[in-house]
Amino acid sequence: MKAAVVHGPHKITYDTVDDPAIQEQDDIILKVTSTAICGSDLHIYSGGLPQPRPMVMGHEFMGIVEETGKNVKNLKRGDRVVVPFPIACGHCFFCEHDLPGHCEHSNPENYGPEGGLLTEKGGALFGYTDLYGGYDGGQAQYVRVPYANFGPRVVPENLTDEQVLFLTDIFPTGYTGVDWGELKGGETVAIFGSGPVGLMASKSAWLRGAGKVIMVDTVQYRLNKAKQTTDCETILWEDGAKDVIEQIRSMTEGRGADLCIDAVGFEPERNIVDKVKATINFEKGSVKVLEACMSAVRRGGTVSVLGVYPTPYDNFAIGQFFDKGIILKGGQAPAHKYIDKLLDYVKQDKVKLDDIITHRLGLSQIEHAYEIFHKKEDGCVKVVLDPWK
(Lines give C-alpha, C1' and ligand atoms only; values in the text may rest on other atoms or scores of the structure.)
Protein backbone atom coordinates (compact mmCIF):
# COMPACT_ATOMS: atom_id res chain seq x y z
CA MET A 1 0.00 0.00 0.00
CA LYS A 2 0.92 3.67 -0.14
CA ALA A 3 1.55 5.61 3.07
CA ALA A 4 3.07 8.80 4.48
CA VAL A 5 6.28 7.75 6.25
CA VAL A 6 8.42 9.98 8.44
CA HIS A 7 12.18 9.37 8.12
CA GLY A 8 13.49 12.13 10.39
CA PRO A 9 13.03 15.86 10.93
CA HIS A 10 11.38 17.54 7.93
CA LYS A 11 11.55 14.35 5.90
CA ILE A 12 8.23 12.71 5.14
CA THR A 13 7.70 10.74 1.95
CA TYR A 14 5.03 8.92 -0.04
CA ASP A 15 6.23 5.33 0.25
CA THR A 16 5.17 1.82 -0.66
CA VAL A 17 5.00 -0.24 2.54
CA ASP A 18 3.64 -3.62 3.58
CA ASP A 19 -0.11 -3.92 4.00
CA PRO A 20 -1.20 -4.24 7.64
CA ALA A 21 -2.45 -7.59 8.91
CA ILE A 22 -4.63 -8.85 11.74
CA GLN A 23 -2.35 -9.49 14.74
CA GLU A 24 -4.91 -9.94 17.52
CA GLN A 25 -8.40 -11.33 17.18
CA ASP A 26 -10.04 -8.05 18.20
CA ASP A 27 -8.24 -6.12 15.44
CA ILE A 28 -9.79 -4.76 12.28
CA ILE A 29 -8.12 -3.69 9.06
CA LEU A 30 -9.55 -0.42 7.81
CA LYS A 31 -9.50 0.83 4.24
CA VAL A 32 -8.86 4.52 4.86
CA THR A 33 -11.13 6.87 2.93
CA SER A 34 -10.13 10.17 4.56
CA THR A 35 -7.27 11.28 6.80
CA ALA A 36 -5.85 14.58 7.99
CA ILE A 37 -2.70 16.22 9.31
CA CYS A 38 -2.84 17.28 12.96
CA GLY A 39 -0.80 19.95 14.68
CA SER A 40 0.59 17.19 16.92
CA ASP A 41 2.02 15.51 13.81
CA LEU A 42 4.16 18.59 13.31
CA HIS A 43 6.00 17.91 16.57
CA ILE A 44 7.30 14.68 15.04
CA TYR A 45 7.87 16.31 11.66
CA SER A 46 9.91 19.12 13.25
CA GLY A 47 11.99 16.74 15.37
CA GLY A 48 10.54 18.10 18.60
CA LEU A 49 9.39 14.58 19.44
CA PRO A 50 12.04 12.04 18.41
CA GLN A 51 11.21 9.06 16.22
CA PRO A 52 14.39 7.13 15.33
CA ARG A 53 12.92 4.68 12.81
CA PRO A 54 10.56 5.18 9.86
CA MET A 55 6.90 5.21 10.87
CA VAL A 56 3.58 5.67 9.08
CA MET A 57 2.13 8.92 10.38
CA GLY A 58 -1.36 10.04 11.28
CA HIS A 59 -3.99 9.65 13.98
CA GLU A 60 -6.95 11.38 12.31
CA PHE A 61 -8.56 8.90 9.93
CA MET A 62 -11.72 7.02 9.05
CA GLY A 63 -12.76 4.44 6.50
CA ILE A 64 -14.41 1.15 5.59
CA VAL A 65 -13.88 -2.08 7.54
CA GLU A 66 -11.97 -4.43 5.23
CA GLU A 67 -11.27 -7.35 7.57
CA THR A 68 -12.11 -8.31 11.16
CA GLY A 69 -10.56 -10.58 13.74
CA LYS A 70 -12.77 -13.43 14.93
CA ASN A 71 -13.40 -11.74 18.31
CA VAL A 72 -14.73 -8.48 16.86
CA LYS A 73 -18.38 -8.40 17.88
CA ASN A 74 -19.86 -5.07 16.84
CA LEU A 75 -18.37 -4.46 13.38
CA LYS A 76 -18.45 -6.25 10.06
CA ARG A 77 -16.80 -5.90 6.67
CA GLY A 78 -18.21 -2.89 4.84
CA ASP A 79 -19.05 -0.82 7.94
CA ARG A 80 -17.94 2.81 7.69
CA VAL A 81 -16.31 3.97 10.91
CA VAL A 82 -14.48 6.86 12.51
CA VAL A 83 -11.66 5.99 14.93
CA PRO A 84 -10.68 7.90 18.13
CA PHE A 85 -6.95 8.67 18.22
CA PRO A 86 -5.99 6.93 21.53
CA ILE A 87 -5.49 3.18 21.33
CA ALA A 88 -7.30 1.78 24.36
CA CYS A 89 -8.37 -1.67 25.52
CA GLY A 90 -11.68 -0.62 27.06
CA HIS A 91 -11.46 -2.75 30.22
CA CYS A 92 -8.47 -1.65 32.33
CA PHE A 93 -8.74 0.71 35.33
CA PHE A 94 -8.18 3.85 33.28
CA CYS A 95 -10.42 2.90 30.37
CA GLU A 96 -13.20 2.16 32.84
CA HIS A 97 -12.67 5.62 34.34
CA ASP A 98 -13.00 7.43 30.97
CA LEU A 99 -9.24 7.92 30.64
CA PRO A 100 -8.38 5.97 27.46
CA GLY A 101 -5.18 7.94 26.90
CA HIS A 102 -3.80 6.22 30.00
CA CYS A 103 -4.72 2.67 28.98
CA GLU A 104 -2.61 0.13 30.86
CA HIS A 105 -2.44 -2.41 28.03
CA SER A 106 -1.93 -0.63 24.69
CA ASN A 107 1.68 0.53 25.25
CA PRO A 108 3.35 -2.41 27.04
CA GLU A 109 6.95 -1.51 26.17
CA ASN A 110 6.92 2.06 27.47
CA TYR A 111 3.98 2.38 29.85
CA GLY A 112 4.28 3.40 33.50
CA PRO A 113 3.01 5.57 36.34
CA GLU A 114 5.85 8.11 36.33
CA GLY A 115 5.26 9.96 33.05
CA GLY A 116 8.97 10.53 32.59
CA LEU A 117 10.83 12.19 29.76
CA LEU A 118 11.65 9.02 27.84
CA THR A 119 10.23 6.33 30.13
CA GLU A 120 6.92 5.31 31.68
CA LYS A 121 4.66 7.06 29.20
CA GLY A 122 0.89 6.86 28.81
CA GLY A 123 -1.26 4.68 26.59
CA ALA A 124 -0.65 4.23 22.88
CA LEU A 125 -1.59 6.62 20.08
CA PHE A 126 -1.80 5.94 16.36
CA GLY A 127 1.28 7.02 14.41
CA TYR A 128 2.82 8.85 17.35
CA THR A 129 6.36 7.57 17.98
CA ASP A 130 7.69 4.41 19.57
CA LEU A 131 7.30 6.02 23.00
CA TYR A 132 3.54 5.82 22.51
CA GLY A 133 3.30 2.26 21.27
CA GLY A 134 4.99 2.35 17.88
CA TYR A 135 1.73 1.73 16.01
CA ASP A 136 1.56 2.78 12.37
CA GLY A 137 -0.92 5.54 11.73
CA GLY A 138 -3.69 6.24 9.27
CA GLN A 139 -2.08 8.54 6.71
CA ALA A 140 -2.15 5.47 4.52
CA GLN A 141 -4.45 3.39 2.33
CA TYR A 142 -4.97 0.80 5.06
CA VAL A 143 -4.42 0.73 8.82
CA ARG A 144 -4.65 -1.87 11.56
CA VAL A 145 -6.98 -0.80 14.37
CA PRO A 146 -6.51 -2.72 17.66
CA TYR A 147 -9.24 -3.13 20.31
CA ALA A 148 -11.90 -2.63 17.66
CA ASN A 149 -14.73 -3.53 20.05
CA PHE A 150 -13.99 -0.35 22.01
CA GLY A 151 -12.78 2.40 19.68
CA PRO A 152 -14.37 2.69 16.21
CA ARG A 153 -17.85 4.21 15.81
CA VAL A 154 -20.12 3.45 12.87
CA VAL A 155 -20.97 6.59 10.88
CA PRO A 156 -24.49 7.28 9.55
CA GLU A 157 -24.73 6.93 5.78
CA ASN A 158 -26.19 10.40 5.34
CA LEU A 159 -23.06 12.11 6.74
CA THR A 160 -20.00 12.73 4.57
CA ASP A 161 -16.46 11.90 5.63
CA GLU A 162 -15.63 15.56 6.09
CA GLN A 163 -18.60 16.11 8.39
CA VAL A 164 -17.33 13.51 10.87
CA LEU A 165 -13.58 13.11 10.28
CA PHE A 166 -12.64 15.51 13.06
CA LEU A 167 -14.39 13.35 15.65
CA THR A 168 -11.13 11.39 15.60
CA ASP A 169 -9.18 14.02 17.53
CA ILE A 170 -9.51 17.77 17.16
CA PHE A 171 -13.22 18.09 18.01
CA PRO A 172 -13.01 15.86 21.11
CA THR A 173 -9.78 17.61 22.07
CA GLY A 174 -11.23 21.10 21.74
CA TYR A 175 -14.35 19.99 23.61
CA THR A 176 -12.24 18.48 26.39
CA GLY A 177 -10.53 21.81 27.03
CA VAL A 178 -13.90 23.49 27.41
CA ASP A 179 -15.40 20.70 29.50
CA TRP A 180 -12.50 20.93 31.94
CA GLY A 181 -13.59 24.56 32.51
CA GLU A 182 -16.99 23.35 33.80
CA LEU A 183 -18.87 26.19 32.10
CA LYS A 184 -22.23 27.04 33.61
CA GLY A 185 -23.17 29.64 30.97
CA GLY A 186 -22.06 33.18 30.20
CA GLU A 187 -18.33 32.72 30.83
CA THR A 188 -15.48 34.29 28.87
CA VAL A 189 -13.22 31.75 27.19
CA ALA A 190 -9.83 32.85 25.83
CA ILE A 191 -8.16 30.42 23.44
CA PHE A 192 -4.50 30.76 22.60
CA GLY A 193 -3.84 29.31 19.14
CA SER A 194 -6.34 29.48 16.29
CA GLY A 195 -5.21 26.30 14.59
CA PRO A 196 -7.61 23.36 14.17
CA VAL A 197 -7.80 22.48 17.89
CA GLY A 198 -8.33 26.11 18.84
CA LEU A 199 -11.13 26.42 16.30
CA MET A 200 -12.82 23.31 17.69
CA ALA A 201 -12.43 24.66 21.22
CA SER A 202 -14.18 27.85 20.11
CA LYS A 203 -17.05 25.89 18.55
CA SER A 204 -17.26 23.80 21.73
CA ALA A 205 -17.32 26.89 23.96
CA TRP A 206 -20.45 28.13 22.19
CA LEU A 207 -22.02 24.67 22.50
CA ARG A 208 -21.41 24.83 26.26
CA GLY A 209 -22.97 28.28 26.69
CA ALA A 210 -20.00 30.65 26.72
CA GLY A 211 -20.87 34.33 26.78
CA LYS A 212 -17.73 35.48 24.98
CA VAL A 213 -14.99 33.66 23.08
CA ILE A 214 -11.64 35.34 22.40
CA MET A 215 -9.09 33.81 20.04
CA VAL A 216 -5.39 34.74 20.19
CA ASP A 217 -2.85 34.02 17.47
CA THR A 218 0.28 35.45 15.88
CA VAL A 219 -0.97 35.00 12.30
CA GLN A 220 -3.75 37.23 10.99
CA TYR A 221 -5.13 34.85 8.35
CA ARG A 222 -5.71 32.21 11.04
CA LEU A 223 -7.61 34.74 13.13
CA ASN A 224 -9.68 35.67 10.08
CA LYS A 225 -10.59 31.99 9.66
CA ALA A 226 -11.48 31.78 13.35
CA LYS A 227 -13.77 34.81 13.08
CA GLN A 228 -15.38 33.41 9.93
CA THR A 229 -16.01 29.90 11.25
CA THR A 230 -16.62 30.42 14.98
CA ASP A 231 -17.86 34.03 15.35
CA CYS A 232 -15.30 34.79 18.05
CA GLU A 233 -13.47 37.97 18.98
CA THR A 234 -9.80 38.03 18.03
CA ILE A 235 -6.50 39.37 19.32
CA LEU A 236 -3.33 39.43 17.22
CA TRP A 237 -0.25 38.60 19.31
CA GLU A 238 2.27 41.12 17.92
CA ASP A 239 4.27 42.79 20.67
CA GLY A 240 4.49 40.08 23.28
CA ALA A 241 2.22 38.53 25.86
CA LYS A 242 1.79 41.63 28.01
CA ASP A 243 -0.31 43.47 25.45
CA VAL A 244 -2.46 40.38 24.84
CA ILE A 245 -3.08 39.89 28.56
CA GLU A 246 -4.01 43.55 29.00
CA GLN A 247 -6.52 43.30 26.15
CA ILE A 248 -8.13 40.21 27.65
CA ARG A 249 -8.41 41.90 31.04
CA SER A 250 -9.90 45.02 29.44
CA MET A 251 -12.59 42.81 27.90
CA THR A 252 -13.42 41.18 31.26
CA GLU A 253 -13.73 44.13 33.69
CA GLY A 254 -10.10 43.71 34.68
CA ARG A 255 -10.49 40.18 36.04
CA GLY A 256 -9.26 38.01 33.18
CA ALA A 257 -10.97 35.16 31.35
CA ASP A 258 -12.88 32.49 33.26
CA LEU A 259 -11.21 29.81 31.16
CA CYS A 260 -7.98 30.02 29.17
CA ILE A 261 -7.09 27.23 26.73
CA ASP A 262 -3.54 26.60 25.56
CA ALA A 263 -4.00 25.11 22.09
CA VAL A 264 -0.39 25.72 21.05
CA GLY A 265 2.02 23.75 23.23
CA PHE A 266 5.79 23.73 23.35
CA GLU A 267 6.53 24.90 19.80
CA PRO A 268 5.12 28.43 19.53
CA GLU A 269 6.67 31.11 17.36
CA ARG A 270 9.73 32.33 19.27
CA ASN A 271 12.24 35.16 19.14
CA ILE A 272 15.98 34.80 19.69
CA VAL A 273 15.70 35.52 23.44
CA ASP A 274 13.21 32.66 23.89
CA LYS A 275 15.46 30.30 21.95
CA VAL A 276 18.57 31.23 23.94
CA LYS A 277 16.72 30.73 27.24
CA ALA A 278 15.56 27.30 26.15
CA THR A 279 19.09 26.32 25.13
CA ILE A 280 20.57 27.45 28.44
CA ASN A 281 17.92 25.53 30.41
CA PHE A 282 18.15 22.40 28.21
CA GLU A 283 14.47 22.82 27.37
CA LYS A 284 12.51 21.78 24.29
CA GLY A 285 10.63 24.74 22.91
CA SER A 286 8.96 27.21 25.25
CA VAL A 287 6.18 27.57 27.83
CA LYS A 288 5.44 31.17 26.84
CA VAL A 289 1.85 30.37 25.83
CA LEU A 290 1.11 28.53 29.07
CA GLU A 291 2.60 31.45 31.01
CA ALA A 292 0.35 33.84 29.10
CA CYS A 293 -2.70 31.71 29.91
CA MET A 294 -1.88 31.75 33.61
CA SER A 295 -1.66 35.52 33.56
CA ALA A 296 -4.77 36.03 31.42
CA VAL A 297 -7.04 33.75 33.46
CA ARG A 298 -8.98 35.27 36.34
CA ARG A 299 -8.36 34.34 39.95
CA GLY A 300 -9.97 30.98 40.63
CA GLY A 301 -10.26 30.31 36.91
CA THR A 302 -9.21 27.31 34.88
CA VAL A 303 -6.35 26.81 32.43
CA SER A 304 -6.77 23.86 30.06
CA VAL A 305 -3.58 22.66 28.39
CA LEU A 306 -4.32 20.92 25.10
CA GLY A 307 -0.99 21.71 23.44
CA VAL A 308 1.80 19.15 23.87
CA TYR A 309 4.54 19.71 26.49
CA PRO A 310 7.00 16.78 26.48
CA THR A 311 9.77 17.98 28.82
CA PRO A 312 10.33 19.77 32.16
CA TYR A 313 10.66 23.57 32.16
CA ASP A 314 12.57 25.87 34.49
CA ASN A 315 10.90 28.73 36.38
CA PHE A 316 7.39 27.33 36.18
CA ALA A 317 5.12 29.95 37.77
CA ILE A 318 3.99 27.90 40.75
CA GLY A 319 3.76 31.00 42.94
CA GLN A 320 1.30 32.60 40.53
CA PHE A 321 -0.59 29.31 40.28
CA PHE A 322 -0.97 29.20 44.06
CA ASP A 323 -1.72 32.88 44.65
CA LYS A 324 -4.41 33.04 41.96
CA GLY A 325 -5.93 29.67 42.89
CA ILE A 326 -5.76 28.47 39.29
CA ILE A 327 -7.22 25.13 38.31
CA LEU A 328 -4.76 23.60 35.84
CA LYS A 329 -5.76 20.62 33.71
CA GLY A 330 -4.03 19.04 30.74
CA GLY A 331 -3.13 15.93 28.82
CA GLN A 332 -4.37 13.80 25.97
CA ALA A 333 -8.09 14.20 25.38
CA PRO A 334 -10.29 11.23 26.38
CA ALA A 335 -11.79 11.03 22.89
CA HIS A 336 -13.77 7.85 23.62
CA LYS A 337 -15.55 9.64 26.48
CA TYR A 338 -16.99 12.35 24.25
CA ILE A 339 -17.21 10.93 20.74
CA ASP A 340 -20.81 9.68 20.94
CA LYS A 341 -22.11 12.97 22.35
CA LEU A 342 -20.19 14.93 19.73
CA LEU A 343 -21.43 12.71 16.92
CA ASP A 344 -24.96 13.53 18.08
CA TYR A 345 -24.17 17.25 17.83
CA VAL A 346 -23.14 16.69 14.21
CA LYS A 347 -26.20 14.54 13.45
CA GLN A 348 -28.47 17.24 14.90
CA ASP A 349 -26.69 19.94 12.88
CA LYS A 350 -25.76 21.80 16.05
CA VAL A 351 -22.15 22.18 14.92
CA LYS A 352 -20.34 22.33 11.57
CA LEU A 353 -16.83 20.90 11.47
CA ASP A 354 -15.75 20.86 7.84
CA ASP A 355 -15.73 24.65 7.39
CA ILE A 356 -12.20 24.83 8.82
CA ILE A 357 -10.75 22.79 5.92
CA THR A 358 -8.57 24.91 3.65
CA HIS A 359 -6.78 22.24 1.60
CA ARG A 360 -7.92 18.96 0.11
CA LEU A 361 -4.97 17.05 -1.33
CA GLY A 362 -4.02 13.57 -2.38
CA LEU A 363 -1.79 11.53 -0.10
CA SER A 364 0.77 11.57 -2.91
CA GLN A 365 1.21 15.31 -2.15
CA ILE A 366 2.17 14.60 1.45
CA GLU A 367 5.48 16.48 1.40
CA HIS A 368 3.80 19.63 0.11
CA ALA A 369 0.94 19.21 2.57
CA TYR A 370 3.22 19.04 5.60
CA GLU A 371 5.34 21.92 4.38
CA ILE A 372 2.49 24.41 3.96
CA PHE A 373 0.87 23.35 7.22
CA HIS A 374 4.14 23.62 9.13
CA LYS A 375 5.19 26.95 7.58
CA LYS A 376 1.64 28.41 7.63
CA GLU A 377 1.77 29.07 3.91
CA ASP A 378 -0.99 29.44 1.32
CA GLY A 379 -3.54 30.25 4.03
CA CYS A 380 -3.29 26.70 5.35
CA VAL A 381 -5.36 25.91 8.45
CA LYS A 382 -6.41 22.27 7.96
CA VAL A 383 -5.38 19.69 5.36
CA VAL A 384 -7.54 16.68 4.52
CA LEU A 385 -5.93 13.92 2.47
CA ASP A 386 -7.35 11.36 0.07
CA PRO A 387 -5.24 8.19 0.46
CA TRP A 388 -6.17 7.01 -3.04
CA LYS A 389 -4.86 10.03 -4.94
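1. By class, how many nonpolar, polar and charged residues has the lining of the largest cavity? The lining has six nonpolar, one polar and two charged residues. Here Ala, Val, Leu, Ile, Met, Phe, Trp, Tyr, Cys and Pro count as nonpolar, Asp, Glu, Lys and Arg as charged, and the others, Gly among them, as polar.

2. Basis of the note. The model is predicted: local features need pLDDT of at least 70, side-chain atom pairs count only at pLDDT 80 or more, and totals for chains, interfaces and linings use all residues. Residues are numbered from 1 along each chain as its sequence is written, and side-chain values use heavy atoms, with hydrogens and water left out.

3. Cavities. A cavity is a set of points, on a 1 Å grid over the protein atoms alone, where a 1.4 Å probe fits but cannot get out; lining residues have an atom within 4 Å of a point. Grid points are joined across faces, edges and corners, and a volume is the space filled by probe spheres set on the points. Two cavities of 30 Å³ or more are counted by this rule. The largest cavity holds about 50 Å³ of space, and V287, L290, E291, M294, Y313, D314, N315, F316 and A317 line it.

4. The second largest cavity. This cavity holds about 40 Å³. Its lining consists of V83, P84, P86, I87, A88, F126, V145, P146, G151, P152 and H336. By class these are nine nonpolar and two polar residues, with no charged ones.

5. The second largest pocket. A pocket is an open set of grid points with protein on both sides within 12 Å along at least five of seven lines. The second largest pocket contains about 340 Å³ of space. Of its 20 lining residues, P20, Q23, Y135, D136 and R144 lie nearest its centre. The elements giving two or more residues to this lining are β4 (55-56) and β9 (142-145), and the largest share, three residues, comes from β9. The lining divides into eleven nonpolar, three polar and six charged residues.

6. Helices α4 and α5. Helices (H or I, at least four residues) and strands (E, at least two) are DSSP runs, numbered from the N terminus. The axes of α4 and α5 (residues 196-207) come within 7 Å and cross at roughly 55 degrees; axes are lines fitted to C-alpha atoms, for helices over the stretch in contact, and angles run from 0 to 180 degrees between N-to-C directions. The two helices are therefore oblique to each other. Angles under 35 degrees count as roughly parallel, over 145 as roughly antiparallel, 65 to 115 as roughly perpendicular and the rest as oblique. Contact residues (heavy atoms within 4.5 Å) include F171, Y175 and V178 of α4 and V197, M200 and L207 of α5. The contact divides into ten nonpolar, three polar and no charged residues.

7. Helices α4 and α11. Helix α4 (residues 170-180) packs against α11 (residues 335-347) at an angle of about 105 degrees, with the axes 9 Å apart. The pair is therefore roughly perpendicular. F171, P172, Y175, T176 and D179 in α4 meet A335, K337, Y338, K341, L342 and Y345 in α11. This contact has seven nonpolar, one polar and three charged residues.

8. Helices α7 and α9. The axes of α7 (residues 241-250) and α9 (residues 288-296) come within 9 Å and cross at roughly 30 degrees, so the helices are roughly parallel to each other. A241, I245, I248 and R249 in α7 meet A292, S295 and A296 in α9. By class, five residues of this contact are nonpolar, one is polar and one is charged.
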